[in-house]
Amino acid sequence: MKLSKISSACALAVASLLGTSAQAQISGDVIRIGFITDMSGLYADIDGPAGAEAIKMAIADMGGAINGKKIEVLVADHQNKADVAAAKAREWFDTQGVDMLIGGTSSGTNLAMAKIALEKKKAFISVGAATSALTNEQCSPYTVHWAYDTVALAKGTGNAVVKSGGKSWYFLTADYAFGAQLQNDTSTIVKAAGGTIVGSVKHPLSASDFSSFLLQAQSSKAQILGLANAGGDTINSIKAANEFGITKTMKLAGLLMFINDIHSLGLKATQGMYLTDSWYWNRDADARGWSRKFFEKVKRMPSSIQAGDYSAALNYLNAVKATGSDDADKVLAQMKKTKINDIFAKGGYIREDGRMVHDMYLMQVKTPAESTEPWDYYKVAETFKGDSAWTSKAESKCALWK
Amino acid sequence: MMSGNANDISRRGRIGLLIGLALLLIAPFIGLYPVFMMKALCYAIFACAFNLLLGYTGLLSFGHAAYLGAAAYATGWLVRSGGLTPELGVLAGTVIAALCGLAVGLIAIRRQGIYFAMVTLDMAQMIYFVFLQAPFTGGEDGLQGVPRGKLFGLIPLADDRLLYYVVLAVFVAVFLFIIRIVHSPYGQVLKAIRENEPRAVSLGYDVDRYKLLAFVLSTGIAGLAGSMKTLVLGFATLSDAHWSLSGEVVLMTLLGGMGTFAGPVIGAFTIIGLQNFLADQVGSWINVIIGVIFVVCVVAFRRGFVGELLAWQQRRNKG
Amino acid sequence: MEIFGIPIQAFLGQLLLGLVNGSFYAMLSLGLAVIFGLLGIVNFAHGALYMIGAYVAFVALDSFGINYWFVLVLAPIVVGALGVVIERTLLKHLYKIDPIYGLLLTFGLALIAEGMFREKFGVSGQQYPVPELLQGATNLGFMVLPNYRAWVVVASLTVCLGTWFLIERTRLGAYLRAGTENPALVQAFGINVPVMVMLTYGAGAGLAALAGVLAAPVIQITPLMGSNLIIVVFAVVVIGGMGSILGSIITGVALGLIEGLTKVFYPEASSIVVFVIMAIVLMIRPAGLFGKEA
């Protein structure tokens with residue numbers, strides 16, 4: 001009977017059809033933003049689903065449509081895996097008519113997505129990733145780096161800590177692109193300011209136990225323990241450092257920290273720490289107003305990345321409106337000649353290498369006594385204006401910016 | 001371990017396989033996304049390789065992803081940084097995977113049965129950690145930006161549809177090769193080992209040698225799958241060597257039908273299809289679903305799709 | 001003061017951490033060995049049961065305010081009961097068939113457990129506070145030793161030795177060992193073997209859960225904490241051989257110590273040193289260091 005064999009062949013066909021969507025028309029009728037970030041892992045709080053909410057707020061502020069064309073956002077979880085991010089980006093560009101990609105956290109995934117966007121000639125705005133390589137060695141005409149990067153973090157926190165007496169450093173580094181780059185950039189700054197690097201140790205991403213790494217750090221006898229990691233890893237390193245009494249002999253420098261981390265750890269454990277960030281919800285009236293709207297939806301104050309997601313989406317959509325097109329080349333050209341003035345940045349602009357230049361802030365964590373309301377955690381110690389915060393033309397290795 | 005009719009493919013079986021082939025040939029023209037199909041074909045090759053070991057030799061290699069990963073990284077690096085043309089890159093990857101298989105096989109062969117499975121799992125985990133640390137793999141970020149290059153230095157592979165037919169050709173070649181092995185005298189000995197190893201030993205066969213060769217063949221073909229996958233998707237990452245992939249290939253084979261030819265292919269397409277289709281909708285539940293399928297298969301569906309179909313056919317013929 | 005060029009505090013500190021890890025290896029490989037001995041099943045879900053134990057502790061505290069000392073007893077009971085249910089509904093179908101199915105079924109169960117907990121709690125870890133009584137640290141001169149970690153070593157080794165005593169030196173243990181060798185005969189003597197088997201799996205699960213509760217204040221509680229650990233524990237049982245209880249304990253602790261030492265001298269190799277040792281042992285003594293079977 002042929003039926004049995006035919007049915008097995010049919011099972012094959014059905015399985016294939018189930019697993020793929022038919023080639024969608026690359027639509028000119030809907031403007032689609034793709035957003036790929038860490039939704040459930042160690043970076044989920046600083047960006048994650050709340051970042052998607054921020055993008056939706058931008059779409060709502062545009063009225064939900066431009067010239068009659070609906071605006072949509074597609075959201076996916078890359079689980080901090082570069083292959084998942086790249087495969088999803090490719091699939092979205094090929095079959096879902098996505099016009100522009102916003103990159104959430106994790107440098108490795110953003111580098112991968114940037115490559116796909118370059119191949120498909122679509123716009124890619126990296127908001128959550130830190131690696132300065134996005135606008136340096138791996139710059140591309142289709143990549144824009146929006147919020148912050150490792151160079152700015154190094155220049156900010158690195159300099160501040162050395163100036164306040166922290167001359168000898170030991171690094172605890174997350175073992176992937178971001179950690180390595182942050183350690184690199186910070187070491188350069190520290191050495192230039194007259195400090196020394198005593199040593200370093202790498203820990204796996206999302207490590208479960210920091211005790212053995214911290215023991216190595218302690219035996220180095222450096223003054224400063226530089227935490228070249230982020231999110232859950234930073235929180236756990238700080239907790240473990242307290243548990244092992246490391247904080248009695250070394251000072252902790254959190255090279256990348258977000259307001260959610262401070263909230264998690266509490267002011268008692270973090271007071272006095274320096275950190276560099278691109279935005280603070282309590283910075284000015286505009287920021288406060290938007291943040292309260294965000295708080296109503298999400299029940300938390302926004303991090304700088306979430307504000308960056310909103311700003312990137314809003315400015316992209318404005319450029320689409322101005323040019324009347326969703327062609328990446330036209331829209332990017334428009335974005336690059338328009339100043340950015342919104343709740344995120346004032347007087348910001350996009351440089352030839354793709355860097356969005358805006359002010360960065362060196363902030364210090366308040367003591368519990370100084371904090372007047374929930375989420376009131378920072379005081380601004382120094383503002384780095386415009387160009388001074390980022391990689392300079394002389395230092396840059398980007399071929400597009402000579 | 002239940003098997004389908006490993007000795008001969010009936011006329012009906014041949015017709016069924018030809019229909020499957022025809023569907024695959026026209027796939028890009030009926031709106032199926034070529035990149036998805038290529039990925040599924042690569043994993044089908046992987047599952048077929050695994051089935052050679054489990055279904056036809058009776059050995060459970062519980063860490064088979066290590067070889068797919070080894071070849072994926074090797075090919076990725078050689079093509080991207082070593083300038084090799086794609087077919088040489090794939091060849092190199094396959095050989096490297098087979099060598100890894102030889103090394104692990106020599107150690108794992110020292111134990112039988114369930115211990116063999118545990119040892120292969122642990123050796124694979126060791127290989128995974130080596131990949132995690134080694135600088136050339138890019139660790140957590142993976143080895144990215146692998147170009148598709150030009151086949152034989154002449155035919156550019158950038159076009160998805162063209163590459164699809166290349167991948168399909170390789171898949172068909174592997175499929176026929178495995179049929180050939182199973183039907184050969186060597187394959188008969190493997191079957192004897194699977195059914196009653198002590199008896200095979202008493203008949204004078206150097207059982208360890210046979211098992212080792214099967215292991216090397218299986219790991220080499222698994223490597224071939226990994227190399228092709230790297231060319232298609234342009235990167236090799238730690239996921240390619242992770243134990244969860246090792247578990248998935250067992251499920252693909254079990255679900256499709258151990259010891260049958262079409263079974264692993266159907267299992268691969270089903271699992272890859274499920275993951276693709278459901279991943280966005282259900283998030284972490286996909287792992288639960290895979291786990292449930294595992295449990296159901298082991299308790300109530302050990303013969304898999306093709307196995308059940310064949311058994312049903314046999315019952316009908318007898319009755 | 002230095003040993004081989006390493007400051008003594010770093011050396012002894014890592015050794016101590018290694019001892020902590022080793023106690024967990026010992027506890028888990030003990031459970032695996034007992035289950036394999038009586039049921040013939042390699043319980044991949046052992047890691048998941050350990051993970052569930054830790055989460056029970058977390059939820060008990062977070063949602064119900066049940067403190068650590070109660071949950072040390074509660075979690076093993078809850079997870080033990082879960083183990084009994086698993087054995088009665090699923091595992092009992094597999095005793096007569098190829099052991100690989102047992103491994104695959106428990107693998108599937110581990111995936112289900114991980115997926116469910118991942119869905120509920122996300123992948124990043126939960127924190128469990130160190131119980132007040134054990135907080136703080138003792139300055140031993142060469143390192144600051146958190147009191148909790150000392151407790152973990154003492155507690156787990158006590159449990160391991162207690163289990164050994166139970167199995168090797170008591171009547172109940174004798175029935176268990178006999179049931180492994182010849183279930184039919186033992187049944188003929190009037191011992192209810194199926195019930196014994198069911199309770200054994202439950203006890204093994206409870207033991208894993210206890211390890212999970214002990215681990216909770218020390219490491220991040222994540223859904224994946226079990227599976228990565230169980231793969232190492234497999235190596236422990238292959239090295240030690242599943243024939244001897246005391247052998248499992250000694251091997252587990254020894255491997256933890258060796259891992260700690262590796263972190264001092266050659267940290268990059270610390271994640272693979274156990275597997276390398278397994279490979280070496282397989283080449284020299286395939287049955288394992290304490291194994292009885294060939």
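**View 1. Right-handed crossing of helices α1(C) and α10(C) in a predicted model.** The crossing of α1(C) and α10(C) is right-handed, and the model that contains the two helices is predicted. Helix α1 covers residues 8-39 of chain C and helix α10 covers residues 245-265 of chain C; their axes come within 6 Å and cross at roughly 150°. Because angles over 145 degrees count as roughly antiparallel, α1(C) is roughly antiparallel to α10(C). Sorted by class, the residues in the contact of α1(C) with α10(C) are 17 nonpolar, eleven polar and two charged.

**View 2. Contact between chain B and chain C.** Chain B contributes 34 residues to this contact, and chain C contributes 34 residues. On the side of chain B that touches chain C, at least two residues each come from α5 (113-133), α10 (243-256) and α12 (285-300) of chain B. Helix α5(B) provides the largest share of that side, 14 residues. By class, the side of chain B that touches chain C has 23 nonpolar, eight polar and three charged residues.

**View 3. Fold and dimensions of chain A.** Chain A contains 13 helices and 15 strands. The C-alpha trace of chain A spans about 75 × 60 × 45 Å along its principal axes.

**View 4. Burial and contacts within chain A.** Of the 402 residues in chain A, 60% are buried. Among contacts in chain A with a separation of 6 or more, 71% are between residues 24 or more positions apart.

Notes
Residues are numbered from 1 along each chain as its sequence is written. Chains are lettered from A and ligands numbered from 1 in the order in which they are written. This is a predicted model: local features need pLDDT of at least 70, side-chain atom pairs count only at pLDDT 80 or more; totals for chains, interfaces and linings use all residues. Axes are lines fitted to C-alpha atoms, for helices over the stretch in contact, and angles run from 0 to 180 degrees between N-to-C directions. Helices (H or I, at least four residues) and strands (E, at least two) are DSSP runs, numbered from the N terminus. Angles under 35 degrees count as roughly parallel, over 145 as roughly antiparallel, 65 to 115 as roughly perpendicular and the rest as oblique. A crossing is left-handed if the near helix is turned anticlockwise from the far one by less than a right angle, and right-handed if clockwise. Ala, Val, Leu, Ile, Met, Phe, Trp, Tyr, Cys and Pro count as nonpolar, Asp, Glu, Lys and Arg as charged, and the others, Gly among them, as polar. Two residues are in contact if their C-beta atoms, placed from the backbone, lie within 7 Å. A residue is buried if 20 or more other C-beta atoms lie within 10 Å of its own, exposed if 12 or fewer, and partly exposed in between; C-beta atoms are placed from the backbone.
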